[in-house]
Amino acid sequence: MEAIVSPQPLAVGEPNQKFNNPKPTHAMSQSYAARVQTLKTDATSTKIELIPVKFVHGEPIIEFTMEEVNQFTIEEGLHQAVIMKFSYGKPDVHELRKLVLKQYDIKGMCNIGQLEFRHILVRFDLFEDYVQFLSRSVGYIKYKGDEFFFRTFPWTIGFNPKEETSKSVVWISFPDLPPNFFAKKSLLSIASDVGKPLTVDKATQDRTRPSVARVKVLLDLLDKHPKRVKLYIVDKSTGKFVEHYQEVVYDNLPKFCTFCKHQGYKERICRLMTEKDKVGDGVRIENMVVQELLVVETNGVEKLQGDARAYLNAKRASR
């Protein structure tokens, strides 16, 4: 199925550059028209109930519940959104809209827009496209003989371009898991204790490796990561149960620095923290030098005062 470039609104200051879109098929045109008609119908038939503005000490406040924020996230397609963070330059956003579709075999529609210079926001219609693109972790965009390196992160509520999210996609393995628990429902349920299950690997799906099951999950690197999960198998007719401790193995779990909020390393090798420590050491050394000088100076004054008192006493004694 050929990928379709979704219509892209221009941001403030973006040049109006035309680019060739693949022509949608008749079925897709009907689908898009149906979606537009549905939106029009919903807009006319559904009245939006606004959230009231409150005033506290004269300051206007609008209060949202977490359920509402999550609903807004889904409505805006951000529950399947990926951040592309470029390290050293990137093609123009209009070119990116074509290059991403072509170079990464996106099957559905996706919306690509620029958040700020280094960060691109990509929203996927298909869950499989979202998982496939996010799972790459790193990648290159080839354009005019150059390769532009980027990293991928899941978009999260509270995204800050100055910090990297602590969420990451990781493969986890369940060695010696009983084969009957390879069923998709049981496997994803077990994996949900670690993070949000995304997909299982091909060998697990094809049942060609019964010794271990592997699941790809979206987890928080700052959370505690269990090394095992307890499974209960209950016989409701007799009340008897069997328990099984299932080991959890993490494949290449990324590190996260809580000081500079970046993935890939811990605080002990963080460059910013090292520089801060050097500055701190310099301040401490400077303070020690000042204190030593003050001690020397004080001792010198006391010595001079002692010598003067001894001289005066000697003069009085000679009289």
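In this predicted model, E76 is partly exposed, with a relative accessible area of 44%, and its side chain meets that of R123 in a salt bridge with a nitrogen-to-oxygen distance of 4.0 Å. The pair links distant parts of the chain, for E76 sits in the loop between α2 and β4 while R123 belongs to strand β6, 47 residues apart. R123 is likewise partly exposed, with a relative accessible area of 24%.

A second contact of this kind joins K85 and E164, whose side chains form a salt bridge at 3.0 Å, N to O. Here too distant parts of the chain are linked, since K85 lies in strand β4 and E164 in the loop between β8 and β9, 79 residues apart. K85 counts as buried at 7% relative accessibility, and E164 counts as buried at 5%.

E164 also takes part in a salt bridge with R151, at 2.8 Å from N to O. Because R151 lies in strand β8 and E164 in the loop between β8 and β9, this pair ties together parts that are 13 residues apart in sequence. R151, at 22% relative accessibility, counts as partly exposed.

The structure has 10 salt bridges by the rule applied here, and a network of them links D201, R209, R214 and D251.

The cysteines give another picture, for the structure holds zero disulfides. A disulfide is a covalent bond between the sulfur atoms of two cysteines. The sulfur of C260 has its closest cysteine sulfur in C257, 3.7 Å away, which is too far for a bond, because a disulfide requires the two sulfur atoms to be within 2.5 Å. C260 counts as buried at 9% relative accessibility, and C110 is buried with a relative accessible area of 3%.

Note on methods
Residues numbered from 1 in each chain as written. Predicted model: local features only at pLDDT ≥ 70, side-chain atom pairs only at ≥ 80, totals over all residues. Heavy atoms only, no water. Buried < 20%, exposed > 50% of the residue type's maximum accessible area, 1.4 Å probe, protein only. Helix = DSSP H or I, 4+ residues; strand = E, 2+ residues; numbered from the N terminus.
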